[in-house]
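Dear colleague,

Please find below the structure for your review.

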Amino acid sequence: MKVILAVANYAWFDKRPWRGVTTSVPIIAAILKDKFDLRVIDANVNDYCEKEVEDRLKRSDADVVLITALSAEYFKAYHAMARLTKKVLPDAVVVMGGVYPTVCPEHVIEDTNIDIAMIGHAEERLDSLLFLIQNKDVAGIKKFQGIAYRRSMTNEPVIIPLEKYIGDVSTMVKPDYSLIDIDKYLDLGRKRIANQNMEPKGRTANIISSYGCPYNCLFCATRTISGTKVAYRPADDVLEEIDFFVKEKQVETIIFLDDCMLADKERAKYIFNEIIRRDYNIEIQISTVAAWHLDRDILELMKKAGLSKLGISIESGNERVLHKIIHKPLNIAMIPKIVSLCREFDVLMRANFVIGFPGETWDEIRDSLRVAEELDFDMIDIHIATVLPKTDLYNLAVDAHSLPANFTFFEDDINFGFGKGNITTDEFTPNELAVLRAYEWDRINFSTPERKARAMRVMNITEEELEEHRKQTRRHCGMYF
């Protein structure tokens, strides 16, 4: 059976573009490539227009087209890919999977260009679904756990809930990059820097070594997507992936994108000790870690392995908001010691704060930002609380009547989108939050020459670029940082 894995162009519909390996592509390749005639059409990295996608789909003569959909923000692009598919391959079965159909299956399956919406993870499931499609086993498909489809006679949507999350998968998949031109992805970042007249830095690769988070922060959709368990890839598989990138693709920086990489500290220590033993001589960055997993021993070990930067999510500097609204199990008192340790080991720390929750007062927001400044991170980012589908924050905002009367995740970009505030209370409006965020972000991060220098190191940009970045952030109320 001929199967196409399709990635939409994220720049369609004037959305913020990003280029790189869509993380689901090598995972799905590993699951399917030896079982089906699988090929990839990546409109994103190749910046294809709709006509170019149509031509490639038509030439593929595919029986099944899998559309990977990672964020509800880009829903228009995913539905455009489905429309293009049915236009040139009307008999193909279109399956959409990923975060978007997992959190919004009822909306996805309203699109008659999509035959099946797959809810949840692909490991141990996607190949079984495709075998049912190959064998035209309609009865089996209708009983398959974790999908949405429409009844043939009435078009009535049917949603079969997911019984197991990714944390219940017995064997995780090691990504397979053989079906894509990985060199093209790895060179994208270097070309971007070269076009800005900066010295091109070495190749950078992203790795996900585990999935999920066991905690219950109000705004996070991870529980809906992955459940409450952390699913770990075998550590040796992770090291083999690093081997591939470093030895065969000359990658110099590895960025771990895990939700909660240090939750199993012994596993993490094994990975970092092996990186040291194998003498990779690479730079390591970790997108986010839980503060309570950090201590002197693990920071010293990660530094020896090559750690240069890490992200930490504080969310709020106000204790009441942190514990009573966000439900984050963080003790702010532990943060100064962690900041001090990172300075000692010359590890740059970038911290996230979120403002604008229902029930949060204006004074508590100001208090949170005061604490953010006092903690003296190398750089902070300030985000406006944004409701996402199937999250506790969305439910709280609905109950508090804090969303616009016409609020929708779909149809237009007025209510929902990355970085856009959509919550209004007696204490604040989205516009007030946007102005506060933009100017406090600038004041806190660049108030002294030392802080400016640290921020430049975190962002890896020149002073000239930083000044332009600050200007655009101010003029767009924080949307560009």
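In this predicted model, seven strands form an open sheet in the order E2-E1-E3-E4-E5-E6-E7, and their pairing is mixed. The edges are taken by strand E2 (37-42) and strand E7 (157-160); each has a single partner strand, so one side of each has no neighbour in the sheet. From one strand to the next, the twist averages 20°.

Within this sheet, strand E5 (residues 116-118) pairs with strand E6 (residues 147-150) in the antiparallel sense, over two bridges. Met118 is placed opposite Ile147 of E6.

Two helices should be noted in relation to the sheet. Helix H1 (residues 24-32) lies across E2, strand E1 (2-7) and strand E3 (64-68), and runs at about 170° to E2. Helix H2 (residues 50-60) also packs on the sheet, where it touches E1, E2 and E3. The direction of H2 makes about 165° with that of E1.

H1 also packs with helix H6 (residues 126-134), at an angle of about 60° and with the two axes 9 Å apart. H1 and H6 are therefore oblique to each other, and their crossing is right-handed. On the H1 side, the contact is made by Ile28, Ile31 and Leu32, while H6 contributes Leu126, Asp127 and Leu130. Classed by residue type, the contact of H1 with H6 comprises five nonpolar residues, one charged residue and no polar residues.

With kind regards

Definitions and conventions:
Residues are numbered from 1 along each chain as its sequence is written. This is a predicted model: local features need pLDDT of at least 70, side-chain atom pairs count only at pLDDT 80 or more; totals for chains, interfaces and linings use all residues. Side-chain values use heavy atoms; hydrogens and water are left out. Two strands pair if DSSP finds at least two bridges between them. Helices (H or I, at least four residues) and strands (E, at least two) are DSSP runs, numbered from the N terminus. Axes are lines fitted to C-alpha atoms, for helices over the stretch in contact, and angles run from 0 to 180 degrees between N-to-C directions. Contact means heavy atoms within 4.5 Å. Angles under 35 degrees count as roughly parallel, over 145 as roughly antiparallel, 65 to 115 as roughly perpendicular and the rest as oblique. A crossing is left-handed if the near helix is turned anticlockwise from the far one by less than a right angle, and right-handed if clockwise. Ala, Val, Leu, Ile, Met, Phe, Trp, Tyr, Cys and Pro count as nonpolar, Asp, Glu, Lys and Arg as charged, and the others, Gly among them, as polar.
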